[in-house]
Amino acid sequence: MPRKLAAGNWKMNGGSAELSEIAALALAHPAPGCDVLICPPATLISRMAEAARGSAIAVGGQDCHGAVSGAHTGDVSAPMLLDAGASHVILGHSERRQDHGETDATVRIKTTTAVTEGLIAVVCIGETLGEREAGQTLDVIGTQMDGSLPDSTTAATIVVAYEPVWAIGTGLTPTLDQIAEVHDFMRARLAARFGADMADGIRLLYGGSVKPSNAAEIFAVPNVDGALVGGASLKADDFGQIIAAL
Ligand code: PEP
């Protein structure tokens, strides 16, 4: 069983004032029972990495380009994230897929580059409400996994986050049975492609309206190895309770 991971995605939120949340988190959880990752906006990565130095908190980016450098105004590369102190990067979040037209092929290229450069990639997948209502959830998840994950995937370099699009930021969550169905399916899909031993070591996160009140029951679902948390990761108290539930 892989060590569990609590990952926070601050999205386009947070400035200098919010850095104190990290100090509070590090103080309150000096030796957490799970791995802890915070992914702030790019502007905060280096200062957050500094604030988290010596603590159990890792810092990550929320995206990176598929190229390592070049004429890509406004973008951030994997080597830049590493240089700023990040060890991880979220890739293929549904907001990137929606807002920036990222496809599975885009995500695969970015993931390959990120991992080659030395980052751990948290690759996000998830169905829309329409796809779930049409009974297409597992087909969509399978297609996204096949397309987004590189052949070079290993348990040490890739984390997969199942985030139903309709559960992100809405307060809605799938039933525990629905989460179990998708996570079992993901594990089997990974085993078919990468072998059972490798698949068993790849962490599968659930994401979508995780909060202190539902974290424990979600983490008890088989094949859930942690969470990718948006809104509730912005407050040290809330995220701390989620860490404690893992
Ligand atoms: C996310 O954006 O990855 C997410 C899970 O958001 P929230 O927890 O706010 O639903």
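**A barrel of strands and its helix pairs**

Gly207 stands opposite Leu228 in strand β8. The structure is a predicted model, in which local features need pLDDT of at least 70 and side-chain atom pairs count only at pLDDT 80 or more, while totals for chains, interfaces and linings use all residues. Residues are numbered from 1 along each chain as its sequence is written. The chain has a mean pLDDT of 97 (the predictor's confidence in each residue, from 0 to 100), and 100% of its residues reach 70 or more. For the complex, the predictor gives an ipTM of 0.98 and a pTM of 0.98.

Strand β7 (residues 203–207) and strand β8 (residues 226–229) run parallel and are joined by two bridges; two strands pair if DSSP finds at least two bridges between them. Helices (H or I, at least four residues) and strands (E, at least two) are DSSP runs, numbered from the N terminus. Eight strands with parallel pairing form a closed barrel in the order β1-β2-β3-β4-β5-β6-β7-β8. From one strand to the next, the twist averages 25°.

Next come the helices. Helix α1 (residues 19–28) packs with helix α2 (residues 45–52) at an angle of about 25°, their axes 9 Å apart. Axes are lines fitted to C-alpha atoms, for helices over the stretch in contact, and angles run from 0 to 180 degrees between N-to-C directions. This angle makes α1 roughly parallel to α2 (angles under 35 degrees count as roughly parallel, over 145 as roughly antiparallel, 65 to 115 as roughly perpendicular and the rest as oblique). Leu19, Ile22, Ala23 and Ala26 of α1 make the contact with Arg47, Met48, Ala51 and Ala52 of α2, where contact needs C-beta atoms, placed from the backbone, to lie within 7 Å. These residues divide into seven nonpolar, no polar and one charged (Ala, Val, Leu, Ile, Met, Phe, Trp, Tyr, Cys and Pro count as nonpolar, Asp, Glu, Lys and Arg as charged, and the others, Gly among them, as polar).

The axes of helix α5 (residues 104–117) and helix α7 (residues 137–148) cross at roughly 40° and come within 7 Å, so α5 and α7 are oblique to each other. Asp104, Ala105, Val107, Arg108 and Thr111 of α5 make this contact with Gln144, Gly147 and Ser148 of α7. By class, the contact of α5 with α7 has two nonpolar, four polar and two charged residues.

Note on methods
Contact = placed C-beta atoms within 7 Å.
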